Amino acid sequence: MRDFLARTLNGRAPQAQCGEQRGFSWQWREEGILSIAPDAEPVGDLVISAAIHGNETAPVELLDAIIQALAAGELPLRWRLLVLLGNPGALRAGRRYQAQDLNRLFSQGWQRFPEGAERERARLLEQRLMEFYRAPRRWHLDLHTALRESLHPRFGVLPASQTPWDEGFLAWLGAAGLEALVFHQSPAGTFSHFSHACCAALSATLELGKARPLGDNDLTQFRLADMALRALLRGETPVMPERPPRRYRVVRQLTKQSEAFVLHMADQTPNFTAFHAGDLLAEESGRRYLARYPTEYVLFPNPRVAPGLRAGLMLIDAE
Ligand SMILES: O=C(O)CCC(=O)N[C@@H](CCC(=O)O)C(=O)O
Ligand SMILES: [Zn+2]
C-alpha cells in the first residue's frame, strides 16, 4: 500500500496486492486504483481522485502523504475509501493527457472518441465508481491544480445539479481553503459531473493551486486542504473559515470550433479576471462573442485546446 504512487509511476503492479492493518484492509485493484475499507462501520463512501490531468501533481503528493499516514497507523479511517490516480500514463509523461483530455470523456463521452489510452481509462473509472458506491452518503473529491494564476488561488467547481447542494458539503469545501465555488449549469464530460449525475455523489473538482511538475510543489500551500482531508477521513468536522467561499455561476462556455478561434485575452490573464458588458471576449470566423453582463469573470481561458473543446468559461456572481 505504501508504494501505491511509486508503483504507479514505474508502471509495475505491487507484489502484495491486498493487506490488513490495524483498523482497515486495503486492496490494490488496478494501476492507480486502491480501495481501503475500515473495520468499523464506515460513515460513508468517499472517492478521492488526483492526476486526472497528468501535469497536476501537487494533489498526487498530497494523497501520497495521506496514504503513508494511513499505512503508518497515524490516521484513523472512518470512510470506505477509493483512491484514484486518474491518468497514470499522462502522470508518468508529465503531460495533461496523452491522446485526449480525460476530463472531457466521462458520462459516456468516451464513446465519441477513437480507441486510445484515455478512452479506455474513462470507461474503466466509470465502472469502478459505479461498483464502489453503495452507502447512502457518497462523496467524490477530484483534486486538480490550474494552469494559470487565479485571483482566488484555491477554488471549487461544482457540476450541474438538479437539486440544491448540501450546505454541509459546501461548508467543508470552504474549510478545505477554497475561496470560491463555481457552479456549472449544464452537463459536462468531467469526472465530478459523472460521479454526481450517475452515482448520486456529492462531487466537486477542487483547484488547489497552480500546476507544477512532480517534486516542484510547495506543499505548505496545500495545508488547509490537507488538514480538511485528514479531518474528513477521521470522521471529524474541520475548522470552518471566517468567511464562506464566494459563489459564482457559469453563464457561458466559450467553445473553440476551429483553428480560426481567437481569444481576446492576454496569455497570462488570471482566472476570475473581470470583463464588462460589451467587452470583446473572443471571435471566430466573423462571429464575435461580447460580455453580456455588467460584470463577468473568466475561468480557464485557453485558446490552445483542440477544436470542439472549451476555451474558457464566463461566470457571474451567484448571490
Ligand atoms: O487551468 C486550466 O485551464 C484547467 C484546470 C482544470 O483542469 N480544470 C478542470 C475543471 C473541471 C470542471 O469544470 O469541473 C478541467 O478543465 O477539466
Ligand atoms: Zn485539471
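Biologist: Hi! What covers the buried residues of α6?

Modeller: The cover includes β4 (45–50), α4 (117–132), β6 (138–146) and β9. Covering rests on contact, that is, C-beta atoms placed from the backbone and lying within 7 Å. Helices (H or I, at least four residues) and strands (E, at least two) are DSSP runs, numbered from the N terminus. This is a predicted model, where local features need pLDDT of at least 70, side-chain atom pairs count only at pLDDT 80 or more, and totals for chains, interfaces and linings use all residues. Residues are numbered from 1 along each chain as its sequence is written, while chains are lettered from A and ligands numbered from 1 in the order in which they are written.

Biologist: Which residues of α6 are buried?

Modeller: In α6, residues 191–199, the buried ones are F191, S192, H193, F194, S195 and H196. Buried takes 20 or more other C-beta atoms within 10 Å of a residue's own, exposed 12 or fewer, and partly exposed is in between, with C-beta atoms placed from the backbone.

Biologist: And what follows α6?

Modeller: A200 does, with a positive phi near 55 degrees.

Biologist: Switching topic: which residue has the "active site" annotation?

Modeller: E207, according to an unreviewed UniProt entry. UniProt positions use the numbering here, feature names are shortened, and annotations may be inferred rather than shown by experiment. E207 is in strand β9, residues 202–210.

Biologist: Why does E207 count as buried?

Modeller: Because E207 has 28 C-beta neighbours inside 10 Å. Leaving aside neighbours within four places in sequence, E207 is in contact with H144, T145, A146, R154, F155 and V157.

Biologist: Nice. Which residues come nearest to ligand 1?

Modeller: Of the 13 residues around ligand 1, those are N103, A146, L147, T205 and F300. A residue is near a molecule or strand if its C-beta atom, placed from the backbone, lies within 6 Å of it.

Biologist: How many of that shell are charged?

Modeller: One is charged, seven are polar and five nonpolar. Ala, Val, Leu, Ile, Met, Phe, Trp, Tyr, Cys and Pro count as nonpolar, Asp, Glu, Lys and Arg as charged, and the others, Gly among them, as polar.

Biologist: Where is E296, by the way?

Modeller: E296 is in strand β15, residues 295–299. E296 counts as buried because 23 C-beta neighbours lie inside 10 Å.

Notes:
Contact = placed C-beta atoms within 7 Å.
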